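Thanks, everyone. Let me put the structure up, and then we'll walk through a few elements.

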Amino acid sequence: MKISNRLKLIASFVDDDSKVIDVGCDHALLDIFLVLNKKNIKAIASDINPHSLQMARRNIDKYGVAKSIVLSLGDGLEKMPDDIDTIVMSGMGGNTIIDILENSKDMLLSIKTIVVSPHNSLYDVRRYVNKIGYYIDDEEMIYDQGKYYTVIKFQRGQKNYSDEQLFFGPILLMKRNSIFCRYCSELLQKDEILLKTIPQSSSERDRLQKEIEKLRTI
Ligand SMILES: C[S@@+](CC[C@H](N)C(=O)[O-])C[C@H]1O[C@@H](n2cnc3c(N)ncnc32)[C@H](O)[C@@H]1O
């Protein structure tokens, strides 16, 4: 099947033999790809939007994988069964991801892996998921269809991170691949232009200046 490089990257962070809930599955293409390309995957494809689930149903039937994927209509993790060990959330804002986890904090005991690809607020997502008892096992940034995407794999366990590691991503910092470096240099250029337009009195200046200092170290 044909899916985007972004979804393929997310799938590469899901282990064989996982019981996955894909929150905000939309078309369920990720879940179908997982079932077809990984060993022994059981998936709950879940979404808050019934129209998404209709589309997901059509795709699941088209690829003949209905035995391995259960559809679930619901908000966040509210209907997550007990035996799930892996949560995937992609294509949402970072704050939505944090809210979904925060609203179901008590249900995370059985969760060993959380794979996320937020649109934004990566610092906040890394800090929050680390705070609730997960460390960053892997990270990758790709450029797909004109946009940068970061995918982060958290595993249960504790590690402490510096502010800089939470901002850039500890593994991305270590790997420093060409896409990551290009992203940082483009962000630096944008920030420097923006800084010139912000009044001296604005509190946003301080945040931007700190970001620029960090970006200059890359
Ligand atoms: C942009 S789509 C991303 C689809 C897919 N995960 C991907 O990465 O291509 C976001 C999906 O998240 C769903 N969504 C947003 N908030 C949600 C929530 N609180 N619980 C479940 N699904 C949610 C939306 O209905 C939408 O289908």
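What covers the buried residues of α3? The cover includes α2 (29-37), β2 (42-47) and β3 (69-73). Contact here means C-beta atoms, placed from the backbone, within 7 Å. Helices (H or I, at least four residues) and strands (E, at least two) are DSSP runs, numbered from the N terminus.

Two notes on the source. This is a predicted model: local features need pLDDT of at least 70, side-chain atom pairs count only at pLDDT 80 or more, and totals for chains, interfaces and linings use all residues. Residues are numbered from 1 along each chain as its sequence is written.

Stay with α3, residues 50-63. Its buried residues are Leu53, Ala56, Asn59 and Ile60. Seen down the axis, the buried residues of α3 fall within an arc of 120°, so they line one face of the helix. That arc is taken from the directions from the helix axis to the C-beta atoms. On the other side, Pro50, His51, Gln54, Arg58, Asp61 and Lys62 are exposed. The cut-offs: buried is 20 or more other C-beta atoms within 10 Å of a residue's own, exposed is 12 or fewer, partly exposed is in between, with C-beta atoms placed from the backbone.

Now the length. At 1.5 Å a residue, the 14 residues of α3 should span 20 Å, and the end C-alpha atoms are 20 Å apart, which agrees. The expected span is 1.5 Å times one less than the number of residues. Just after α3, Gly64 takes a positive phi of about 65°.

Next, β4, residues 86-92. Five of its seven residues are buried, so β4 is largely enclosed by the rest of the structure. Which strands flank β4 in the pairing? Strand β1 (residues 19-23) runs parallel to β4, joined by four bridges. Val20 has Thr86 as its bridge partner in β4. Strand β5 (residues 113-118) is also parallel to β4, with six bridges. There, Val88 stands opposite Val115. Pairing requires at least two DSSP bridges between two strands.

β4, helix α4 (residues 94-103) and β5 make a right-handed β-α-β unit. Right-handed means this: with the strands pointing away from the viewer, the path from the first strand over the helix to the second runs clockwise.

Last, the ligand. 15 residues surround it, the closest being Gly24, Asp26, Asn49, Ser90 and Gly91. Here the cut-off is a C-beta atom, placed from the backbone, within 6 Å of the molecule. β4 gives the most to this shell, with three residues.

Methods:
Two residues are in contact if their C-beta atoms, placed from the backbone, lie within 7 Å.
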